[in-house]
Amino acid sequence: MGLFDKKTCALCGASVGLLGGMLGENLADGAYMCGDCRKKCIPDNTLDFKALTVDAAKALIAVAEANKKKGASEFHTTRQFTAGMYADMPALDVDENHGWFMNAAAKDGWVYELDDIYSFCLDVTTTPLTEGEEYNVNLHPYPQLPACPSGQKVIDAKLKLWLLDNELGVDMLEISLLPAFAPSEEHVQSAYACAQDFYSFMKSWRMAQKQRSGR
Ligand SMILES: [Zn+2]
């Protein structure tokens, strides 16, 4: 096969040309999937495309498209979790009536089940303060959340959600609650408030869940 050989997507038939290899995926049996079809696939980035047959890839896309369609037509947000000084770091949108949530940070439209969250935590990264640097974030209201050791400041805070086996095949979501560059004290404060909100929500959601299932 020469460098300029034309390739065709085995799923949609689109011609993918020279740059296709960088934008799409090679599947099993030498088949090829274009970048557009790749985007329609489930959001699991640990998926081994090279082991996928064309039929398996089609099945994955069908599940993922049905999931997204369900989100677009039936998902109605009843509760939002946001961080940021002006609520500019959306984290999660929740539809309590259906028991669903979306990753609002990713804005990807996939719908997950709240009951599939079996574990979650706020994952915090800290770094030492520079000499003379003051840091006045008050984390006392959040005893459940990770503390910031004295002489350190928080530079990253991610909400991590671990999911039970689900139709999308996603086992973990990581949602950033802080801007990537130099988060301010206010940002950290609001990230903790958002995480605390989510912890409290999940606690009451699980209590109600137990009652619903009669356990
Ligand atoms: Zn395609």
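**Ground rules.** I number residues from 1 along each chain, as its sequence is written. Because the model is predicted, I take local features only at pLDDT of at least 70 and side-chain atom pairs only at pLDDT 80 or more, while totals for chains, interfaces and linings use all residues.

**Domains.** I started with the domain assignment, which gives domain 1 (7–73) and domain 2 (79–213); such bounds come from an automatic or database domain assignment. I find the two centres, taken over C-alpha atoms, 31 Å apart. Ten residues of domain 1 and nine residues of domain 2 make the contact; I call two residues in contact if their C-beta atoms, placed from the backbone, lie within 7 Å. On the domain 1 side I have five nonpolar, two polar and three charged residues.

Next I looked up the strands; helices (H or I, at least four residues) and strands (E, at least two) are DSSP runs numbered from the N terminus. I see E5 and E6 joined antiparallel over two bridges, and Phe101 has Tyr112 in E6 as its bridge partner. Axes here are lines fitted to C-alpha atoms, for helices over the stretch in contact, and angles run from 0 to 180 degrees between N-to-C directions.

E3 and E4 pair antiparallel over five bridges, and Phe81 stands opposite Leu92 in E4.

Most residues other than glycine have a negative phi, so I noted two exceptions. Ala87 has a positive phi of about 55 degrees and is found in the loop between E3 and E4. Ala182 has a phi near 40 degrees and sits in the loop between E9 and H4. Is Ala182 buried or exposed? Ala182 is exposed, because 8 other C-beta atoms lie within 10 Å. Ala87 is partly exposed, with 13 such atoms within 10 Å. My cut-offs, with C-beta atoms placed from the backbone, are 20 or more others within 10 Å for buried, 12 or fewer for exposed, and partly exposed in between.

**The three-stranded sheet.** The other open sheet I looked up has the order E7-E8-E9, again with antiparallel pairing. E7 and E9 are the edge strands, each pairing on one side only, and the twist averages 25 degrees from one strand to the next. E7 and E8 pair over eleven bridges, and Thr125 has Asp156 in E8 as its bridge partner. H4 lies across E7 and E8, running at about 25 degrees to E8.

I then checked Thr126 in strand E7. Thr126 is partly exposed because it has 16 C-beta neighbours inside 10 Å. Lys153 is 27 residues away along the chain, yet the two C-alpha atoms are separated by 5.2 Å. Beyond four places in sequence, Thr126 touches Cys148, Pro149, Gln152, Lys153, Val154 and Ile155.

**Arg79.** This residue is found in strand E3 and is partly exposed, with 14 other C-beta atoms within 10 Å. Leaving out residues up to four places away, Arg79 touches Val94, Glu96 and Phe201. Cys34, 45 residues from Arg79 in sequence, is 36 Å away, C-alpha to C-alpha.

Apart from neighbours within four places, Leu177 contacts Ala83, Met89, Ala91, Ala157, Lys158, Leu159, Ala191, Cys194 and Ala195.

Methods: Nonpolar A, V, L, I, M, F, W, Y, C, P; charged D, E, K, R; others polar. Pairing = 2+ DSSP bridges.
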